[in-house]
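Dear colleague,

My findings follow directly after it.

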Amino acid sequence: RLFVAPSLSVPTPVQEPQKVLVIGGGPAGLSAARYLSDAGHRVTLVEKTGRLGGVLWFADSDGDKEDLRNFRDLLVRRVLTRPIEVYTNAEVTAENIGWFKCQTVVVAIGAEPAVPPIPGISYAIHALQTYAKDFSPKQNIVIVGGGLVGCDTAVNLARKGRTVTIIEQMDRVAAEVSCMAFTAIMDQLEQLGVRCITEARCTEILPDGVRYEQANGVTEFAAADTVVYSLGMRPKSDMMEQWKRKLSEEVEVYSIGDCTHAARVGEAVKAGLLVAKKISGQ
């Protein structure tokens with residue numbers, strides 16, 4: 001109800017089902033597999049890692065993400081309770097794709113963290129890595145990038161008793177959020193003592209902190225035991241184009257979700273529904 005527009009109906013059963021291979025077990029792939037199965041197609045889902053859900057695995061380590069965690073688990077259950085062949089820890093390649101004997105391929109391989117060309121970036125870790133079970137945060141943390149992900153990461157780390165500073169190039173953090181959601185985020189950051197430095201451009205990352213330039217051109221330094229960067233996601237468009245070149249002559253190929261453009265969970269789920277309707281001729 002929250003993620004699919006009311007004007008979009010689910011696919012109706014088709015008279016001539018296809019054998020469809022879905023590559024990627026994130027929100028878009030799970031959604032596509034579910035709706036394709038409901039339309040009567042024979043569906044195989046292949047996920048490269050050992051778990052379904054894509055990047056939403058991070059919700060396991062964030063107490064504020066219970067709703068997102070429950071929604072992810074719902075997407076997974078909807079696949080596992082249908083007659084869909086599911087393979088995890090498996091990778092589809094140009095060499096083995098013939099084994100699946102598919103007529104249509106839906107590529108939903110997601111996106112990857114954008115790595116900015118900042119000197120010393122190798123000293124930093126991406127925000128998603130802070131949610132790993134084996135991550136042990138040190139006391140002073142600087143986060144480069146104050147979008148929604150950066151702010152959520154700051155809240156999560158500050159709640160663990162860490163001292164957190166956000167460096168953001170724009171004139172405010174969480175710029176993509178508005179109204180009550182923005183107020184809630186700012187209240188959390190303030191209550192937890194997270195320092196937000198805005199209109200500041202990170203110029204270098206060092207082993208012991210971050211050098212940044214303020215709007216007036218003055219260079220400052222923020223000490224840190226750990227530097228985290230959160231500067232968006234990059235679609236795996238290059239890999240997607242490789243798939244299309246390899247498969248276009250043999251099978252019909254569709255690409256959905258973050259591998260076309262980095263988007264939100266709701267958009268990925270909707271993309272799965274739309275591709276299922278398209279494949280079903282509706």
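Beyond its neighbours within four places in sequence, Val-275 is in contact with Ala-32, Val-106, Tyr-254 and Ile-256. Please bear in mind that this is a predicted model.

Val-275 is among the residues with the most contacts inside the largest nonpolar core, which has 27 residues. H6 provides the largest share, seven residues. A second, separate core has 19 residues, including Ala-154, Val-173, Ala-174 and Phe-182.

Leu-30 lies in helix H1. Leu-30 counts as buried because its relative accessible area is 1%, under the 20% limit. Residues up to four places away in sequence aside, Leu-30 touches Gly-24, Gly-25, Leu-45, Leu-52, Gly-53, Leu-75, Val-76 and Val-79. Between Leu-30 and Glu-85 there are 12 Å in space, C-alpha to C-alpha, and the two are 55 residues apart in sequence. As a general point, nonpolar side chains tend to be buried together in soluble globular proteins.

On confidence, the protein chain has an average pLDDT of 89, and 91% of the residues score at least 70. For residues 1-7, however, the pLDDT is below 50, and this stretch has seven contacts in the model beyond near neighbours in sequence. Where pLDDT is low, the predicted coordinates should not be read in detail.

Yours sincerely

Notes: Residues are numbered from 1 along each chain as its sequence is written. This is a predicted model: local features need pLDDT of at least 70, side-chain atom pairs count only at pLDDT 80 or more; totals for chains, interfaces and linings use all residues. Side-chain values use heavy atoms; hydrogens and water are left out. A nonpolar core is a set of buried Ala, Val, Leu, Ile, Met, Phe, Trp, Tyr and Cys residues joined through side-chain atoms within 4.5 Å. Buried means under 20% relative accessible area, exposed over 50%, partly exposed in between (1.4 Å probe, protein chains only). Helices (H or I, at least four residues) and strands (E, at least two) are DSSP runs, numbered from the N terminus. Contact means heavy atoms within 4.5 Å. pLDDT is the predictor's confidence in each residue, from 0 to 100.
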